[in-house]
Amino acid sequence: MRSLRAAQSLASRSLLLSAHALHGATASPAAAAAAAGGSRWGNPPPPAPAPSSRALQGGVAGAVSFSLTFATVAAAEVQAKERLPADLLPQNVVLYQYQACPFCNKVRAFLDYHDIPYKVVEVNPLSKKEIKWSEYKKVPILTADGENLVDSSDIINKLQRKISPDVESTSEEETKWRRWVDEHLVHVLSPNIYRTTSEALESFDYIANNGNFSFTERFAVKYAGAAAMYFVSKKLKKKYNITDERAALYDSANTWTEALNGRNFLGGAKPNLADLAVFGVLRPIRYLRSGKDMVEHTQIGEWYQRMEDAVGEPSRIEEGQE
């Protein structure tokens, strides 16, 4: 990971500095004085006494110990995230989702970044039996503190107000790019994910293997779902006037990196809600063929890696962890 590589680099530099300091410490004051004045009087400087093996071993051990400690602290600082106070953490959070749904992943990116524990219920995209209890028949649906929340942006807005009650509003720039994600970026994804039958099967194989489905349901989800989305993606391509799916994806990725304007994140030193939204909707495609092509042909890869490091490990509660 980037944070580990950064810590290793810092450790290497600190070890080099320690070695220079150790080298300087082994020379005696007399030798240093002779070295400084020997040429002045025309006499060669006397040879410096060799340091004792015990002193040398102690110096090396100290240098290595300092370097390792420095690297550990550096890694912790790179990876550390602000923990929410217990009284601000939403309780009993359950996310009803499709594993590859961009909007669902947008909510998960927010939850993971803020270390909010949550359970996941994978919804069968054909039967939707897991959300029959809900009048709202789309995902994501999130239940928290006994309340049912729907629509990814609305879910995030309400959670943000819950965990940051003192923050009155977001910046115009942040709001603009969050809207861009919902109104533009997500519409470019489906024509790319389901561009060909093989890419559609690749995506639904991932969905089927991550859901709690029977063998028959898994088979139906993979093949019927992939076929359905292949044709839906063609309609979406026409609806949003997309002529070349990959070109549209690359243009969107480049538009985002240009908006960063040299910053690590749109939020500056740390991600804001727009960073989390872009990262969230791109996360389900990152390691599919479309996502690999995107990283290879645009400049978004470095930002995406920084986001992976910043968001960290999922805060999802797996079965048996309660």
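A disulfide here is a pair of cysteine sulfur atoms within 2.5 Å. By that rule, the count for this predicted model comes to 0. Cys101 is in no disulfide, with the nearest cysteine sulfur, that of Cys104, sitting 3.1 Å away. Both cysteines are buried, a label for under 20% relative accessible area, with exposed meaning over 50% and partly exposed in between (1.4 Å probe, protein chains only): Cys101 has a relative accessible area of 10%, and Cys104 has 0%.

A word on the ground rules. Residues are numbered from 1 along each chain as its sequence is written, and side-chain values use heavy atoms, with hydrogens and water left out. Local features need pLDDT of at least 70 and side-chain atom pairs count only at pLDDT 80 or more, while totals for chains, interfaces and linings use all residues.

Next come the strands, which are DSSP runs of E with at least two residues, just as helices are runs of H or I with at least four, numbered from the N terminus. Two strands pair if DSSP finds at least two bridges between them. Strand β3 (residues 141-144) pairs with β1 (residues 94-97) in the antiparallel sense over 3 bridges, and Leu95 stands opposite Leu142. On β3, Ile141 and Thr143 point one way, Leu142 and Ala144 the other, and all are buried. Another 4 bridges join β3 to the antiparallel β4 (residues 147-150), where Asn148 stands opposite Thr143.

Finally, Gly280 lies in helix α10 (residues 273-282) and counts as buried because its relative accessibility is 0%.
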